[in-house]
There are 2 protein chains.
Amino acid sequence: MKPMTKDRYEIRFAGSGGQGIIMAAIVLAEAAGVYDGNYVCQTQSYGPEARGGNSRAEVVISKEAIDYPRAVQPDLLLAMNQAAYDTNFPDLKSEGLLVVDASLVDQVPTGRIVAISFTKIARKDVGKEFAANMVALGAVAYLTQVVSLKGLEKTLTARVPEKTEKMNRKALHAGVKAARKVDLSALPHFVNPEDEEV
Amino acid sequence: MKPMTKDRYEIRFAGSGGQGIIMAAIVLAEAAGVYDGNYVCQTQSYGPEARGGNSRAEVVISKEAIDYPRAVQPDLLLAMNQAAYDTNFPDLKSEGLLVVDASLVDQVPTGRIVAISFTKIARKDVGKEFAANMVALGAVAYLTQVVSLKGLEKTLTARVPEKTEKMNRKALHAGVKAARKVDLSALPHFVNPEDEEV
């Protein structure tokens, strides 16, 4: 993967409590920061909007020191279920990229959208449905190029329990493989086709 | 424990990479947010200042929506080793509280400081040195009263692997027990005694 060149790249992961959203964000942040040498801020917020078992985590990656650490207008939104899409889609940049778990999100507009069945891949290719977070992380890494696969693998070694490392690594690669089939250049430039007409 | 009443309370945990600093911050944030009903932001940053195996995580807890999510001037600094103290002490509020792992930090000024041997307690009372993060979290919870022990326990159940839950819970209680012996009212009002003279 190429090193990132964009000044500031904002990512938001959203899903439900048990989907490992925060862990995926921490692995991404640590890889992009410690191993790839970027400035990175990784945040989760709790409050009335985060009730009801919803989970949300943000990663801001930059070549420069980061002034504001929140992903207010994400360049990429990963929605791991329908509620996560519904709640967070309005914040996505108009030229951002929406990535959804196609196994769990079915009502999305056509536009700059990548739908991959992360949970199904985790179940079928990795044997563990809860590894969907790492499948999604692999896909996000490949689609954004903001973090190296090598950095992610090194972080997994340092961060996850030894006995789950192989499984997590497998999930990561399954996500990269799934994302390789996506032709980003064939997508519209705007996540919401209506914006393009303006 | 009483619910927190302060408008905004900033906490920074600092230590080395393997000490579970980020996990402790996540458990604190989730407990204070999801279970105790506060607004909470939890952040870790990576950059040149975080190299060399240093780990840092921040938690901001508030009764109101949080505008700026970083702990720029912490009310409490937990330093789990000497380097963490040296680097982060200058940021601590003058009336803040410094909590250090007495097993690993030996050069600190006299002042508004609590020194508890978290690592030693984790080794002797819990049987696992790496549980020092949860011992420290228990102590921080007791000393600050910003989060309920019940919330922390519920979060542990949801967040850590089932087989380590009992151990983590034991570590948490060992930290509370150690902190109970501290008489905060006997401490000077300022973390740096020189500030008090001004």
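Biologist: Which hand, left or right, has the crossing in which α5(A) passes α6(A)?
Modeller: Happy to look, with the reminder that this is a predicted model. Where α5(A) passes α6(A), the crossing is right-handed.

Biologist: Are α5(A) and α6(A) roughly parallel or antiparallel to each other?
Modeller: Helix α5 of chain A spans residues 149-159 and helix α6 of chain A spans residues 162-180; their axes come within 10 Å and cross at roughly 160 degrees. Angles over 145 degrees count as roughly antiparallel. The two helices, α5(A) and α6(A), are therefore roughly antiparallel.

Biologist: Nice. How do the residues of the contact of α5(A) with α6(A) divide into nonpolar, polar and charged?
Modeller: On the α5(A) side, the residues include A:Leu149, A:Leu152 and A:Leu156, and those they meet in α6(A) include A:Leu172 and A:Val176. Among the others in this contact are A:Glu153 in α5(A) and A:Arg169 in α6(A). By class, the contact of α5(A) with α6(A) has five nonpolar, two polar and three charged.

Biologist: Turning to the two chains, how are the two copies related?
Modeller: Chain B superposes on chain A by a rotation of 180 degrees, with 0.0 Å of shift along the axis and an RMSD of 0.0 Å. In chain B, the C-alpha nearest that axis belongs to B:Thr43, at 2.1 Å. The two copies are thus related as by a two-fold rotation axis.

Biologist: Which element gives the largest share of the side of chain B that touches chain A?
Modeller: The contact takes 19 residues from each of chain B and chain A. On the chain B side, α1 (21-35) and β2 (39-46) each supply at least two residues. That side has 11 nonpolar, six polar and two charged residues. Its largest share is eight residues, and they come from β2(B).

Biologist: Over how many bridges do β2 of chain A and β2(B) pair?
Modeller: One place to look is A:Gln42, which stands opposite B:Gln44 in β2(B). The two strands pair in the antiparallel sense, and the number of bridges is seven.

Biologist: And which are the edge strands?
Modeller: The open sheet has 12 strands with mixed pairing, and its order passes from β3(A) through β2(A) and β2(B) to β3(B). Within chain A, β2(A) pairs with β3(A) in the antiparallel sense over five bridges, and A:Cys41 stands opposite A:Val60 there. The strands that pair on one side only are β6 (113-116) of chain A and β6 (113-116) of chain B.

Methods
Residues are numbered from 1 along each chain as its sequence is written. Chains are lettered from A and ligands numbered from 1 in the order in which they are written. This is a predicted model: local features need pLDDT of at least 70, side-chain atom pairs count only at pLDDT 80 or more; totals for chains, interfaces and linings use all residues. Axes are lines fitted to C-alpha atoms, for helices over the stretch in contact, and angles run from 0 to 180 degrees between N-to-C directions. Helices (H or I, at least four residues) and strands (E, at least two) are DSSP runs, numbered from the N terminus. Angles under 35 degrees count as roughly parallel, over 145 as roughly antiparallel, 65 to 115 as roughly perpendicular and the rest as oblique. A crossing is left-handed if the near helix is turned anticlockwise from the far one by less than a right angle, and right-handed if clockwise. Two residues are in contact if their C-beta atoms, placed from the backbone, lie within 7 Å. Ala, Val, Leu, Ile, Met, Phe, Trp, Tyr, Cys and Pro count as nonpolar, Asp, Glu, Lys and Arg as charged, and the others, Gly among them, as polar. Copies are superposed by least squares on the C-alpha atoms of residues with pLDDT of at least 70 in both. Two strands pair if DSSP finds at least two bridges between them.
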